[in-house]
Amino acid sequence: GRTVLLPRQAVMPQPLRSRSPRPEPHSQVDRGEDGFRVSFAEKKHGEAKKKTNKKSALPFKVISWSSQRPSFHCTAKNLEKQDRGIDALLNGTNQWETDGRPDHFLFLDFGVEVDLSHVQLRCTGTRYDPKNVTILRGVAGITDVITEHLNLSREAQRAPDAVAVKASSLLTKGTWAVVKRASLKSGPDGRDKHAHTLRVHGAQARWLQLVFHESWSSTGNIRLLQPLSVYGSKFPIQPTEA
């Protein structure tokens, strides 16, 4: 058979399509929660603002307490640790256990004025869980007690946190306002729930007092696990005028 060659068809050049420029981020729009058009930049700004306003666990110092068992395993300052490190779990320094009759109390110092959101207690699910809790914020007089403590520490040539601030002075010379009263669903019947959250929205304070009125134990003693978490935000530092 013979091979027949067909004529090649001419290919017409296609005109180049002009590509429209990509819109700038500020020109992109979206529908907000209320149905209005919201620019991309505004949306991102709002998300960043929400992240900035997010409440986080605040660092604090336990400056005084009602009692504690004579063992480093049970000191109130164990509650300051927020990381729940493996070392603390292995050596048992992850709790505060009292050694006396109720009421039991803790005094916390945040170092600066803070806007509080909520307090989270961690219990053991045993008869040493607290039943009733009262949260109070320091209003006046506490600065004088702290100053007196610092002066005594300086005279004795010891670190200020080597000895607790005198609790009797904090109670009698300081003025405290109740922020929250709560009953906890704790104890052996609540052993499936170890974390208890107490909402305190709108409370502003530098010093906080936690009072535990009774427990499920016949002795009235309590045991709290680390960390004791207080959530909120610090107030921005105002610039000082020159």
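I began with the largest nonpolar core, which has 29 residues. Those with the most contacts inside this core are Trp96, Leu106, Leu108, Leu116, Leu208, Phe212 and Leu228. A reminder to myself: this is a predicted model.

Which elements give two or more residues to this core? I noted strand 4 (61-65), strand 6, strand 7 (130-140) and strand 10 (204-215). Strand 6 gives the most, with seven residues.

I then picked Leu116 and listed what leucine 116 touches, leaving out residues up to four places away in sequence. The list reads Leu58, Phe110, Val200, His201, Gly202, Ala203, Leu208, Val230, Tyr231 and Gly232. Another core lies apart from the largest one; this other core has 13 residues, among them Ile63, Ile146, Ala167 and Trp207.

**Whole chain**

Next I stepped back to the protein as a whole. I counted four helices and 12 strands. Of its 242 residues, 36% count as buried. For contacts with a separation of 6 or more, I found that residues 24 or more positions apart account for 81%.

**Aromatic rings**

On to the rings. A pair of aromatic rings is described by the distance of the centres and the angle of the planes. How many aromatic pairs are there? The count comes to four, taking centres within 6.5 Å as the rule.

I looked at phenylalanine 105 and phenylalanine 107 and got ring centres 5.4 Å apart, with the planes at 65 degrees. Planes over 60 degrees apart count as edge-to-face, so the pair of Phe105 and Phe107 is edge-to-face. Are these two phenylalanines buried or exposed? Phe105 has a relative accessible area of 14% and Phe107 has 1%. Buried means under 20%, so Phe105 is buried, and so is Phe107.

Phe107 also pairs with tryptophan 176: the ring centres are 5.3 Å apart and the planes stand at 50 degrees, so I logged this pair as tilted. This pair links distant parts of the chain, with phenylalanine 107 in strand 6 (residues 104-122) and tryptophan 176 in strand 8 (residues 175-183), 69 residues apart. Phenylalanine 107 and tryptophan 176 are both buried. Put together, ring pairs link Phe105, Phe107 and Trp176 into a cluster.

What lies over its face? I found lysine 131 there, at 4.4 Å from the ring centre.

**Backbone**

Last, I went through the backbone angles. Which peptide bonds did I note as cis? One runs from proline 102 to aspartate 103, with omega near 10 degrees. I placed aspartate 103 in the loop between strand 5 (95-97) and strand 6. Another cis bond runs from glutamine 226 to proline 227, with omega near -5 degrees. Proline 227 is in the loop between strand 11 (223-225) and strand 12 (229-234).

I also flagged glutamine 157, a residue other than glycine with a positive phi, near 55 degrees. Where does glutamine 157 lie? I found this residue in the loop between helix 3 (142-155) and helix 4 (167-173). The cut-off for exposed is over 50%, and glutamine 157 has 75% relative accessibility, so this residue counts as exposed.

Terms used:
Residues are numbered from 1 along each chain as its sequence is written. This is a predicted model: local features need pLDDT of at least 70, side-chain atom pairs count only at pLDDT 80 or more; totals for chains, interfaces and linings use all residues. Side-chain values use heavy atoms; hydrogens and water are left out. Rings of Phe, Tyr and Trp (its six-membered ring) pair if their centres lie within 6.5 Å; planes under 30 degrees apart count as stacked, over 60 as edge-to-face and the rest as tilted. Buried means under 20% relative accessible area, exposed over 50%, partly exposed in between (1.4 Å probe, protein chains only). A charge sits over a ring if NZ of Lys or CZ of Arg is within 6 Å of the ring centre and within 35 degrees of the ring normal. A nonpolar core is a set of buried Ala, Val, Leu, Ile, Met, Phe, Trp, Tyr and Cys residues joined through side-chain atoms within 4.5 Å. Contact means heavy atoms within 4.5 Å.
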